[in-house]
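Please look at the sequence and the structure below before reading on.

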Amino acid sequence: MDILKPKRLAPGDTIAVVSPASPSITTIQQERGVEALERLGYRVVTAEHANDKHLLFAGKEKVRAKDINATFRDKSVRAIICTRGGCGTSQILPYIDFSLIAKNPKIFIGYSDITALQAAIFNATGLITFYGPMVASDFGKGLTHYKISNFFNILTETERVIELKNPRNKKIITLCPGSASGQLAGGCLSVVAAGLGTEYEIDAKGKILFFEDIDEKPHRIDRYLTHLIQAGKLQQATGIIFGAFAKCEYLSRDNYFKFGVTLLDMIKERIEPLGIPSIYGLQFGHVTNKLTIPFGGLATLDATNCRVFVEPCVV
């Protein structure tokens, strides 16, 4: 499938805010996020049902999908940013108009539970989306120079190769040395694993996979990786990038704490035997200082020297 690149983000563009998963618990952080984007020089519109509430979700699945379809259809909208992750994104996939998205490619940004929609969009259209900051979860909580500079580099650069670099105090570890190239695919590990066996499951063949997660203990991370291996997915990859797994270590009150096993121990146990160039510790996803990862973008991984480069992902 050919790569489909959206148009670059430009000053004054209209950004639409959508909620494919859960709503904001309160609208305060969402409002602050909108104000932050407006201060940066963008016009912001909020989708009709972005603040709906049904159980744990931002409205029923058809309503959430309707907002996604409407914002891709709207010619005045140049970029779409999710309010937050949460849960329920996979429910809307049968109601997404992927042919509409293919005909109206534009910047789409989210992470965490939004992984399910990003994988489905890429599989169906080849459109590059962006695993990056969201309105309430990030823009509404304050922006760091590190986060915002990488965000805009990825969304505006049309010619120069960009290196994804950690903050100076965050170390990256080589799991398996070597180099790899390919399109980036992945996201929240538990969501990727949950999609296996569906028509929306991740396409890992020839890809550089990237994974991160939050609030998942080491034995659960091991379960997801084992599932991906037994499904034949990890073996199809050319490289693997593990992010910073937030709140995923055992605490003293946990039953497995006394074993003295870390998350890194469990990841090494599954990944080292594969012999695929792999690194651990790139800062993206559920961390404050996050990189924006282009889902579907062409990348090169130098696992030996812990370096990642991405080709321009916008036109």
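How many bridges join strand β5 to β12, and do these strands run parallel or antiparallel? Strand β5, residues 129-131, is joined to β12 by three bridges, and the two run antiparallel; strands here are DSSP runs of E with at least two residues, helices are runs of H or I with at least four, and both are numbered from the N terminus. Within this pair, Phe 130 stands opposite Pro 294 of β12. The model is a predicted one, in which local features need pLDDT of at least 70 and side-chain atom pairs count only at pLDDT 80 or more, while totals for chains, interfaces and linings use all residues. Residues are numbered from 1 along each chain as its sequence is written, and side-chain values use heavy atoms, with hydrogens and water left out.

Both strands belong to an open sheet of six strands, ordered β2-β1-β3-β4-β5-β12 with mixed pairing, where two strands pair if DSSP finds at least two bridges between them. The edges are held by β2 (43-46) and β12 (293-295), each with a single partner strand, so one side of each has no neighbour in the sheet. From one strand to the next, the twist averages 25°, an angle on a scale from 0 to 180 degrees between N-to-C directions, with axes fitted to C-alpha atoms and, for helices, over the stretch in contact.

Helix α1 (residues 28-39) lies across β1 (14-18), β2 and β3 (77-82), running at about 150° to β2. Helix α4 (residues 115-125) packs on the sheet and touches β4 (107-110), β5 and β12, its direction making about 150° with that of β5; contact means heavy atoms within 4.5 Å. Nine of the eleven residues of α4 are buried, so the helix is largely enclosed by the rest of the structure; among them are Leu 117, Ile 121 and Phe 122. After α4 comes Gly 126, whose phi is positive, near 80°.

Two loop residues can be looked at in turn. His 49 lies in the loop between β2 and α2 (61-73) and counts as buried, because its relative accessible area is 14%. Apart from neighbours within four places in sequence, His 49 is in contact with Ala 58, Val 63 and Asp 67. Pro 277 sits in the loop between α8 (263-271) and β11 (278-282), and its relative accessibility of 11% is why this residue counts as buried. Leaving out residues up to four places away in sequence, Pro 277 touches residues including Cys 176, Thr 238, Ile 240 and Leu 301.

How values were computed
Buried means under 20% relative accessible area, exposed over 50%, partly exposed in between (1.4 Å probe, protein chains only).
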